[in-house]
Every structure is written in C-alpha cells, then in structure tokens.
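The following note sets out several points for a colleague working from the model. Please read each point alongside the sequence and the coordinates.

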Amino acid sequence: MTVKLRVPYLVQDPRLGADLEERTFQEDFCLDGPVTRRLAVLQFDDATGALRPGVRFVAPTGRHRTGRFALPGRVDPTGDDFLAVNAFAVVRETLEMYQEPDALGREVEWAFGAPQLLVLPRAGEWANAFYQRESHSLQFFHFPARSVDPGGPRTVFTALSQDILAHEAAHAILDGIAPDLYHCLTPQALALHEAVADLTALLVAVRSRKLRTRLLRLTGGEVAGQQAFTQLAEQFGFERDRTGRSRHLRSLWNERNLDPSDESLDELHRRNQATRGEPHLLSEVLSGALYRVFARLHDEYRAERAAEEGISEHSASGFALFVASQHFKRLVLRSLDYLPPGEVSFADYGRAILASDQASYPVQSTGRDALVEEFVRRHVVAGAAELEVRTGFEAPELAGVDLETLVASDWVAYDFVERHRELFGVPDGARFRVRPRRVATKRYYVRRDGRQGGLADVKELLFKVSWDCTEPNPRDLPLARLRQITVGSTLAVDWKTRRVRALLIADAARSPASSPAAARLVEDRDLMLRRLVAEERLRFGPDSGDDLGDAVRVETSDDLMRVRGAGRMLHLADQWSDDEEEGADG
C-alpha cells in the first residue's frame, strides 16, 4: 500500500522571492522527519549536536486522501521544520525527474549500497553544501549574510535554495548512475559531475509552472542570454562574494572553452592551463555549451508553435519553454545511462547524448546539430568527426544470445565479452570486469513529418565493461612512477529488435600514441595531479575516518598508485579557493 503526500517548497531562494508551490509524491511509507524508503531528513541541534525529532507526518484519514506534514499555517521559511520539508521536497522532486519514463525509466540505486540517502538541512555553519558518498549524505550549511538587513542579522540557509538542493541531489543521483566518476582523475570526468548538477538545477526550476511564467514575463519570452534563466544560486553567490560584485554562484550563459590560446579561461587560476585541471571552472565549458542547445530548442519550438497556431512568438514562448525543457531533460539525463564506466571525457558524454537523442528524435536534429556546433566552437573536439558514434546497427555477436540469461548470469556475461573483446574495445590480455547489467524501459516521443508523434516504450539492455590500464606519472612529482586508471565501454541493445542502439568506447580507453583525444586526457590527468600535490590534498593509505573532508586518497602498491575519492572535491564552494580569497568558484 502506498501513501500519497503533498509537500510545500520554495521555488527559488529568499533573495528572489518567497513563492511556495506544492508537489505530490507517492511513497511506500512516510514517517516523521520526513523519512521515506529512499530519503531520510535528519535535524541536529546546533548547540548539542543531538538528533532532534523530525517534522510530524499527518497521515491521510477519512476524506483527506493525501498526507501532509505538520507545519504552521503561516510558514516561516527559516524555521527548522520548513527547512526539513523544503529540502525533502526538492531532493525528492529531483530524484523523480531522473526516474521518469522519458528520462532513465528506472529506479536509481545509491552508490553507497544503502536504501536511504540522508539529508541534513542544517549541517552546521559554513558557506557550503556537498554530497558525500562515505556518509551517505547531502549536507547543507548556513552562514551569516553579508548584506545589511534593516530587520537585523540574517542567515543564509543553503537548504532554502532550490538550485543548491537540486544541484547536490544530482551529485548523489549521478553517483548512483555512474559511480566510477567519484574516483576519476580526469578533470573532465569530475567537471561532468558539476555540469550535470548545474543543468539539473535548471531543469528542476523550469518544472515549476509559476516560475516559468514569471521568468518569461521578466525576459519577454526569451531564453538565450537571459540572467533569469542562466544564473544559479543567486542568494548564495551574492552573500558569499567578498567583492560584492557577484549576483550568482555560476552562470550557464558563458563563453568558456578549451582553446589554449584563450586567456579568459584562467581568470581565477592562471597557472598551468589550470582551467583544464579545475573541475568547477571546467564544468562551465560543458554547461555553457549545453545551455546553448537548450536555447536553440526553445527557439525552434517557439517558431513552430507560432506558425501552427497563427500567434506571435511571444505568445508561443510558454508552450515552447515547457516542450524544450522536456526535450532537454531527455537529452541530458537519458544519455547518462550510455556513458562508459571509468574515466570519461566531455566528448564521451557528447556521443552518449547524440546516440540517445537520435533514438528519440530521428527526424528533428536541432539538438544534435547545436551540440556538435558548440563542442567544435568551444574546442571540446577538434572536429565533428570526433563525435561520431555507432547507432542502430545489427551486431552479429548478439545472434543466438539469450538476453535474459545474459542479464541474470555473470558467467554468461563474462564469457560473452571474452569471446567478443574487439566489440567492446577490450585489449588482448587485459583483465576486465562486467558490470551489473541494467534493463530499463524508456518512453520515447517520436516525431514524424515534423510534428509530434505518439509515445513508444522501448526496453533497453545496458551492458557495461571496464578494465584497468597504467600510465606514467610526471617524473618531477613525489609520487609512484605509474598510476592505474579504469576505462570502459557501453553497449545499449533494443530488447525487442536486438539492434544495437549505441556502442560507446571511452576516449581514455584508446592508446594515447594513436589518439590525440586520449593523449590530451593524459595531460589533463597530469594537471590534476600537480594541483592535488600543490594544494596538499592527497592522503596516502586508508581513510582515517575523521579526515574525509575534500581530501583525495591514494592507494599504492610498489611503484603503482591509484587515486580514490576525487569526487570529494565537488563541494558547492571550494574551501581551498576560500583560503586564497578568490571568491566563489563552486
């Protein structure tokens, strides 16, 4: 028996208004907290650190078929109970968005192997927020506001910002989808985490009809270049910036790129092409490119709607924003299932997007064309050919294979890869791992003759293989001579037709001697190691338990090392930059 509950939440943050909306969720059960099967909100006393009672859940009774939480009639946004309920609502909404049939089409498992993600809306005083796999938690902090309030001192609660809540929830969700990213050394792999989290915040925001209407009114129906859509975590960025110039934490409308001759890249870190080695700044290359794709989709849907209905483009902008955001959601989120395991690049993610979008929109190519254009323009790839990916083909290797058995039996799956190493890109002699096979049913919206067509549910098999390889460390660093990394490939198969929907082999899995893209990634990993050494973030040996923070662990064996837990660096705001008084680079 499931429980339906209605939960209020703040649609932006206190600096931009206190508009409330409500969301309704179906849960297996709900307890005071809020606590459900997937989420548990915990409140701790600031003075004693003791766990406080959760917000009381009022179960549905009689004519009231929807449960609710016992909040006062006039909501105090800074009250502990609302902080807890607000955090639950946005994190739960974010999780639901990822799991919808037209996104992943399956339940996301947490990377830490436990059923519940812990949410701490009042984790302590600090201008920060983060996801941490080791403690199974999302932690949201608070800090004194810098601006002067006539009513007295104010406190900035990160758990009141929809953008921050959705961003950090996305880190936890993405960790469940692609857990290898948490241990990656490639800066682009870590930056992908940040970029997807920023784009998730955008997608959650535009799910609010009230917010969509307000933003379109402010921008005159435009999306491209509009601060109302592109600025993230405005209150946090404004109150945390020491200079008083910043009005947000990060912007999706930017010109960041990977052109080595573009000096604007290193405005915060001007040494060793540090933008390529700093995940937070690097993420803006990817999020900026993808936001341009979103803007192009909006403009196309708006023009199409205006022509069909005989109305002005301004009048068509509301419909266009909703449809474009749904298309963009499928483009950004569904492709994560196609991402190869291990070290990945922006180009790997781009190919995953192109493959999944081709399956969903075989006629309309606007999103794909815009993505290729942006990746080339921003020097993510040298040319469009680098983004080519095999899709929609018959694989002789699958002839006679029982897909049910391939999913259920590790031995059958391993034997399949052993006999078909070339298909997966596994080098001869390399010891490989077959990841747990995933089966998902995704809902595709097929367009025909330039118009919206019907729905089609497609059952997919997601088959991932990984293996380890070694590469030399820079000789001037006080580290082992070699480092080990994990690389891999993904095979996505249509369950009914047995046609391969996509085959993706990671750039990092290719030989640097024959692949310029692979060689660049080796250089970027060197940059990352240099940064970690210079900032003394590396910790050797096992975790001490009290030294997690954002330190990165190093495991060594003779003259070989491996980096673990680099994902800990993905705090909302980088404390190391705080120490250098460089402002927010979250």
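1. Helix α7 spans residues 279-309 and helix α10 residues 366-377; their axes come within 9 Å and cross at roughly 145°. The crossing of α7 past α10 is right-handed.

2. The chain has a mean pLDDT of 88, and 89% of its residues reach 70 or more. Two stretches call for caution. Over residues 266-274 pLDDT stays under 50, and the model has 18 contacts beyond four places in sequence for this stretch. Over residues 575-586 pLDDT likewise stays under 50, with 34 contacts beyond four places in sequence. Where pLDDT is low, the predicted coordinates should not be read in detail.

3. Helix α4 covers residues 209-219, and its buried residues are Leu211, Arg212, Arg214, Leu215, Leu216 and Thr219. Which elements cover the buried residues of α4? The cover includes strand β2 (20-27) together with helices α2 (162-177), α3 (187-205), α5 (227-230) and α8 (313-333). After α4 comes Gly220, which has a positive phi near 65°.

4. Ala509 lies in the loop between β17 (500-505) and α14 (516-534). Is this residue buried or exposed? Ala509 counts as buried because its relative accessible area is 19%, and the cut-off for burial is under 20%. Leaving aside residues up to four places away in sequence, Ala509 touches Trp467, Val487 and Gly488. The C-alpha atoms of Ala509 and Val426 are 8.4 Å apart, although 83 residues separate the two in sequence.

5. Strand β19 (residues 552-557) pairs with two other strands, β18 and β20. With β18 (residues 538-540) the pairing is parallel over three bridges, and Leu538 stands opposite Val552 of β19. With β20 (residues 560-564) the pairing is antiparallel over five bridges, and Val554 stands opposite Val563 of β20. Strands β19 and β20 form a hairpin with two residues between them, and Asp558 in the turn has a positive phi of about 55°.

Definitions and conventions
Residues are numbered from 1 along each chain as its sequence is written. This is a predicted model: local features need pLDDT of at least 70, side-chain atom pairs count only at pLDDT 80 or more; totals for chains, interfaces and linings use all residues. Side-chain values use heavy atoms; hydrogens and water are left out. Buried means under 20% relative accessible area, exposed over 50%, partly exposed in between (1.4 Å probe, protein chains only). Helices (H or I, at least four residues) and strands (E, at least two) are DSSP runs, numbered from the N terminus. Contact means heavy atoms within 4.5 Å. Axes are lines fitted to C-alpha atoms, for helices over the stretch in contact, and angles run from 0 to 180 degrees between N-to-C directions. A crossing is left-handed if the near helix is turned anticlockwise from the far one by less than a right angle, and right-handed if clockwise. pLDDT is the predictor's confidence in each residue, from 0 to 100. Two strands pair if DSSP finds at least two bridges between them.
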